[in-house]
Amino acid sequence: MELTQLRYFAAVAELQHVTRAAERMHVAQPAITKSIHRLEDELGVPLIASRGRNIVLTDYGCALYGMLREPLAALDQIPDQMQQLARRSACTLHINVLAASRAVTDAVIAYKHDHSEILFSIMQNELTQICDLSVDTLTEKRNAPETAENTVSFQEQILLAVPTHSLYSGLRSIDLKELKEEGFICLAGNRKFRKICDQYCQMAGFHPKIIFESDSPATVRNLIGAGSGIGFWPEHTWGAVGEDVKLIPIANPQCSRELQISLHPQDSARTALVHPFYHYLIHYFENLFEA
């Protein structure tokens with residue numbers, strides 16, 4: 001069976017008239033008749049019968065028409081649905097957020113306040129660059145951020161987070177090696193921020209004693225605030241820690257991470273959509289880091 005055959009038959013079944021069906025389908029009447037005869041041969045049953053100058057559906061024809069109405073109606077909707085998807089895609093920004101997810105989310109919310117027509121699709125996929133923008137962190141420390149086309153870097157200090165009532169909370173700074181016996185609350189081991197912090201601990205001569213892991217910075221903060229341990233906290237992008245947690249600069253080694261906001265190559269049709277938010281996000285981070 002071919003789709004055209006089924007459409008011709010459905011038109012005849014609805015109109016109960018071959019000539020009017022041919023007019024609707026913009027074909028000659030013999031083409032309709034021949035198509036239905038071929039369909040009947042393929043199915044091995046009669047679908048229509050003559051009654052004077054008119055035609056009627058056989059029981060088989062009625063059954064087939066009942067089977068076809070919903071699928072054919074769904075097929076007819078495909079062009080409109082594809083156009084809707086195209087319109088939606090044309091106003092959707094795709095962002096791969098591999099670091100600083102809270103800061104990026106806050107920036108998206110602020111941007112949508114004045115650009116309600118823009119949609120956002122946020123993913124976390126280290127294996128793809130099929131996106132308009134990405135926010136990532138480097139796992140290898142460099143002396144200074146590098147400037148690359150379509151990429152802006154930010155150097156963010158990493159601080160020690162301790163409970164407010166901790167013995168460390170009154171210090172103005174601390175040497176990381178003094179913490180080798182402490183229990184750390186960290187992000188899960190597969191996260192880049194965790195890898196960076198582990199590297200700094202190794203530079204200080206020890207492997208951190210991990211007493212709790214979580215994928216959520218908020219959970220890390222809450223456990224530290226409850227006095228369950230200590231941990232690392234990026235200075236700007238994870239937000240404020242609250243009154244039950246104190247942030248202390250780490251004097252040695254100097255701990256920081258490099259964040260990168262990257263604009264991925266786009267076709268010119270998406271430039272007007274992507275570039276304004278790219279520059280907005282850069283300015284958002286600049287203001288965040290200056291605050």
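Visitor: What makes a residue in this predicted model count as buried, partly exposed or exposed?

Guide: Buried means under 20% relative accessible area, exposed means over 50%, and partly exposed lies in between. Asp-215 has a relative accessibility of 52%, over the 50% limit, so Asp-215 counts as exposed.

Visitor: Why is Arg-191 called partly exposed?

Guide: The relative accessibility of Arg-191 is 27%. That value lies between the 20% and 50% limits, so the residue is partly exposed.

Visitor: What makes the contact between Asp-215 and Arg-191 a salt bridge?

Guide: The N to O distance between their side chains is 3.6 Å. The cut-off is 4 Å, so the pair qualifies. Asp-215 lies in the loop between β9 and α7, and Arg-191 in the loop between β8 and α6, 24 residues apart.

Visitor: How do you know that Asp-136 pairs with Lys-192?

Guide: Their closest N and O atoms are 2.9 Å apart, and a salt bridge needs them within 4 Å. Asp-136 is in strand β5 and Lys-192 in helix α6, 56 residues apart, so the pair links distant parts of the chain. Asp-136 is at 18% relative accessibility, which is under 20% and therefore buried.

Visitor: Why are Asp-198 and Arg-194 said to be about one helical turn apart?

Guide: Because they are four residues apart in helix α6. Asp-198, at 18%, and Arg-194, at 9%, are under the 20% limit, so they count as buried. Salt bridges with shared partners join Arg-194, Asp-198 and Glu-213 into one network.

Visitor: How many salt bridges does a search of the whole structure find?

Guide: The search finds ten, including the pairs described above.

Visitor: How many disulfides are found in the whole structure?

Guide: The search finds zero. A disulfide needs two cysteine sulfur atoms within 2.5 Å. For Cys-131, the closest cysteine sulfur, in Cys-91, is 18 Å away, so that distance is too far for a bond. For Cys-201, the nearest cysteine sulfur is that of Cys-197, at 7.1 Å, and Cys-201 is in no disulfide.

Visitor: Are Cys-131 and Cys-201 buried or exposed?

Guide: Cys-131 is at 7% relative accessibility and Cys-201 is at 0%. These values are under the 20% limit, so Cys-131 and Cys-201 count as buried.

Methods: Residues numbered from 1 in each chain as written. Predicted model: local features only at pLDDT ≥ 70, side-chain atom pairs only at ≥ 80, totals over all residues. Heavy atoms only, no water. Buried < 20%, exposed > 50% of the residue type's maximum accessible area, 1.4 Å probe, protein only. Helix = DSSP H or I, 4+ residues; strand = E, 2+ residues; numbered from the N terminus.
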